[in-house]
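This report describes the strands, domains, chain contacts and nonpolar cores of the structure shown below.

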Amino acid sequence: MDKIPNNRAWWLVLPVFLLVAFSALIPLMTVVNYSVQDIFGPGQAYFVGTEWFKEVLTDERLQDSLLRQFLFSSAVLLIQIPLGIGVALMMPKSGIKGSLCLILVAIPLLIPWNVVGTIWQIFARGDIGLFGWGINQLGVDYNYTGSTVDAWLTVLLMDVWHWTPLVALLCYSGLRAIPEAFYQAAEIDRASKWAVFRYIQLPRLKSVLIIAVLLRFMDSFMIYTEPFVLTGGGPGSSTTFLSQTLTTMAIGQFDLGRAAAFSLIYFLIVLLISWLFFTAITHADKEQ
Amino acid sequence: MAEIHLKSLAHSYSKSPSGPEDYAIRQLDHVWHKGGAYALLGPSGCGKSTMLNIISGLVQPSEGEVLFDGIRVNALSPRDRNIAQVFQFPVIYDSMTVYQNLAFPLKNNKVPAARIKERVQEIAEVLEIEDKLHKKAKNLTADEKQKVSMGRGLVREDVSAILFDEPLTVIDPQLKWKLRRKLKQIHEQFDITMVYVTHDQLEASTFADKIAVMYDGQIVQFGTPTELFEQPNHTFVGYFIGSPGMNLIDVERCEAGVRFGSAEVVLEPWQIEYLNRLSSTNVKIGIRPEFIEIGLEPKVNSYEVEVLDMEDLGTYKIIDLGLGDETLKARVDEDFDARIGSRVHLTMPPQWTMLYVDEFLIQEQS
Amino acid sequence: MKQARSKNVGITVFIILLLTPVYWLLNMSFKTNQEILGGLTMWPENFTLQNYVVIFTDPSWYNGYLNSMAYVTINVIITLLVALPAAYAFSRYKFLGDKHLFFWLLSNRMAPPAVFLLPFFQLYSSIGLFDTHIAVALAHCLFNVPLAVWILEGFMKGVPREYDEMAYIDGYSFPKFFVKVFLPMIRSGIGVTAFFAFMFSWVELLLARTLTSVDAQPIGAIMTRTIGASGIDWGVLAAAGVLTIIPGLLVIWFVRNHVAKGFALGRV
């Protein structure tokens, strides 16, 4: 649709602009301000230039948590996207069964994130949780509060449990938008199940998959509450991701300058990677 | 290629149909012969698409059998029936090129690569899209897309039949005519059984050798375009075919035959005899506007009528004539002229005056 | 047919796996602490509602729910009020800086809430909004408004502009057209947007906890308090968790008919 040039439309977006400016620009300016100063107390601040940025970029603790973050987000995408597509393909297309599946699948998404942590904290315990108990019964020594590997797997499993439904529901709505005639034509053309997926379903899922990948990347990159409740970042710092490192630094240690510099770098990384994903996908689209 | 026999076929979309009104297709028997070009004509909602989908296997009939060359295929899926179908709106595989689209059904059938290439080329030429073969299908215009859709149906050589479900809906009129000729040409060239669903009588008669007219879940007549015009089997065929449709008048029985208002219609003796054997009160006479004769002087068995309206359609005129409470339409030459409100004389030639009891034509027993 | 059955089995297994942790929470919420710690039982053997009674009789517990619902409701209302006109502008008009503005809005959805934690805390403290519902509601606008604008824009693009033009010709003023003609046409989009705004505001805890202390404290923050000196009160914790799931279920039930379409965010 061709849009009409009309600068008066600014009046319509003004409320949004003011609101978001209030809750984003002012805080962001504060952060920038902190990031170039060393603050000892009220009225006692010294300009330090890029000192904090240098420190943050060379801080091993932060590099570790960044690496962990990347590993985690990659694992999340690699598991959740295919699994979500698979679940969406299995869901009934319509009728009461379809609605029921939809609501049941959506349940994990509606649970407050700390409660998600709580659920898994209980569920995965060896003594009172069905999951932990079950794994131990199978003869596997499993303890997410003690073993690094177990803690990692539990956090990952929790995230898969929590967020695969989002991918599934996005894909499901994409699949529902495919007209029945496409399936009929494929049946007439004697297309195999794989060909139906490859040439009908997948191409039409592309737009929702872009959204799914972006959302899952961003949100997994900002994950805080669930692992905080589940493992508290441990054992050691094995499940301490970026947000938690930052929160500890800012609120726990009141290390304002360093936290601010870290915040800006963190934000830029998310923006940059999202932008890369987005252009890569839309570019590949134009190539064809 | 195959002969398609629909045996005591009926279909209802509801699980427990309580009466005939729940049926999309009421019980019928019908044979589509090998190699024919057929049209299935009817208004929307008459069940014609349902019938097409039953033939192709996309819909399972709730009653009766579908036989291909005498073999029951009810349980076979469309892929096993080996049938091609073209849908109303273009269905193309977006991510493929035109070439890949056309080759797709052949590939699925494990046709050798060399043959695929030949065949795609051949069909692309017939449809005049050979210059677009390497374009992405999603960048085509709507009618090019529909051509590709049709191409995928036509490209297979071994199909039992090709079914078309109003394939030219999205195409503009100019091209429509051309594509219809193309299909006809392809039919003559390859001699494949084709069934073409449409609600457009012109489309049906230019494409098909024989037309099945469907109404309310039933095939009410199966015949050549001329038969449908001259001897409509059912009042619906009379009304639906021709423009304007047949004049249909409710009549009562009387001594000489039937009458409406004060006008008596003289019938042939066999018609009267037949009528006397039936007790139904649902009796109609029908006559096509083309067969009504009009003169300025009274003749034997003519009626004096009033000219109510006159519409000039270029090469001919349609006039509305008032006879008692009834209005009849008649087609006259363009040079015919009469004032509105004037009185003329109308004759209904007996050989063109059809008698319908319970909506069905009374035919002479031979 | 065989394939349909294996699909049904697959989805059933998935849903069972998905609901098992939730069942376990529900199971525990009806047990006494003795039973929970005494050994693993698949269902409550000494069925008790005591855990729920604790929550419903202790104001410090049930106020947590009321606080959460208060700021979520305020947030949804603010989000819709500002996002609707903006989304309309983006879907219909070209104006100075429109693309940049749109991207900037979306980039806020990408901002890690942790980044804003401290500045928010100081900002709201300095203007005297700390520990109020409105503070949390405004903070949540940071990610909900961009998302709402984006979803609504997708739905509005689907409405042909001929409707707008027709309404002007029929003599409707813009506000009248917008409320009487346009909004009813994107009803499902509004429902879905409200659902998403509700969902993201309801599940967020980091900001909500930081911006409150006593009077507006959300249920999530109160739950973390149960980890007290006398060990964790598992039963009450589980019951509190179960109660946080219910509002979400109610909301999704209301929009169930639009959700399938809505999850594509108007982009299919």
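B:Asp250 has B:Lys284 as its bridge partner in S15(B). S11(B) and strand S15 (residues 283–287) of chain B pair in the antiparallel sense over four bridges, where helices (H or I, at least four residues) and strands (E, at least two) are DSSP runs numbered from the N terminus, and two strands pair if DSSP finds at least two bridges between them. The model is predicted: local features need pLDDT of at least 70, side-chain atom pairs count only at pLDDT 80 or more, and totals for chains, interfaces and linings use all residues. Residues are numbered from 1 along each chain as its sequence is written, while chains are lettered from A and ligands numbered from 1 in the order in which they are written.

**Strands of chain B**

The pairing of S11(B) with S15(B) belongs to an open sheet of four strands in the order S11-S15-S21-S22 (chain B), with antiparallel pairing. Its edge strands, each pairing on one side only, are strand S11 (247–250) and strand S22 (360–361) of chain B. In a regular strand the side chains alternate between the two faces of the sheet.

Elsewhere in chain B, strand S1 (residues 4–12) pairs in the antiparallel sense with strand S2 (residues 23–32) over six bridges. Within this pairing, B:Leu9 has B:Leu28 in S2(B) as its bridge partner. S1(B) also pairs in the antiparallel sense with strand S4 (residues 63–68) of chain B, over five bridges.

**Domains of chains B and C**

Domain bounds come from an automatic or database domain assignment. Chain B is divided into domain 1 (4–12 + 23–239) and domain 2 (245–361). The assignment of chain C gives domain 1 (1–48) and domain 2 (58–262).

| Domain pair | Separation of centres |
|---|---|
| Domain 1 and domain 2 of chain B | 39 Å |
| Domain 1 and domain 2 of chain C | 31 Å |

In chain B, the contact between the domains takes seven residues from domain 1 and 10 residues from domain 2, two residues being in contact if their C-beta atoms, placed from the backbone, lie within 7 Å. The side of domain 1 of chain B that touches domain 2 of chain B has two nonpolar, five polar and no charged residues. In this classification, Ala, Val, Leu, Ile, Met, Phe, Trp, Tyr, Cys and Pro count as nonpolar, Asp, Glu, Lys and Arg as charged, and the others, Gly among them, as polar.

In chain C, eight residues of domain 1 are in contact with seven residues of domain 2. On the side of domain 1 of chain C that touches domain 2 of chain C, the elements giving two or more residues are helix H1 (2–29) and helix H2 (33–38) of chain C. The largest share of that side, four residues, comes from H1(C). By class, the side has four nonpolar, three polar and one charged residues.

Chain A contains 12 helices and three strands, and its C-alpha trace spans about 75 × 70 × 35 Å along its principal axes. Of its 288 residues, 43% count as buried; a residue is buried if 20 or more other C-beta atoms lie within 10 Å of its own, exposed if 12 or fewer, and partly exposed in between, with C-beta atoms placed from the backbone. Among contacts in chain A between residues at least 6 apart in sequence, 69% join residues at least 24 apart.

Of the two pairs of chains in contact, chains A and C share the most contacts. No contact joins chain B and chain C, whose closest C-alpha atoms lie 11 Å apart. The contact between chains A and B takes 15 residues from chain A and 21 residues from chain B. Helix H8 (180–188) and helix H9 (193–221) of chain A are the elements that give two or more residues to the side of chain A that touches chain B. H8(A) provides the largest share of this side, six residues. The side comprises nine nonpolar, three polar and three charged residues.

**Nonpolar cores**

A nonpolar core is a set of buried Ala, Val, Leu, Ile, Met, Phe, Trp, Tyr and Cys residues joined through C-beta atoms within 7 Å. The largest such core has 152 residues, and those with the most contacts inside it are A:Cys171, C:Ala83, C:Ala86 and C:Val149. Helix H7 (residues 133–157) of chain C supplies the largest share of this core, 17 residues. The core draws at least three residues from each of domain 1 (1–48) and domain 2 (58–262) of chain C.

Not counting residues up to four places away in sequence, A:Cys171 touches A:Gly84, A:Ile85, A:Ala88, A:Leu205 and A:Val208. A second, separate core of 77 residues includes B:Leu52, B:Phe207, B:Met214 and B:Leu228.
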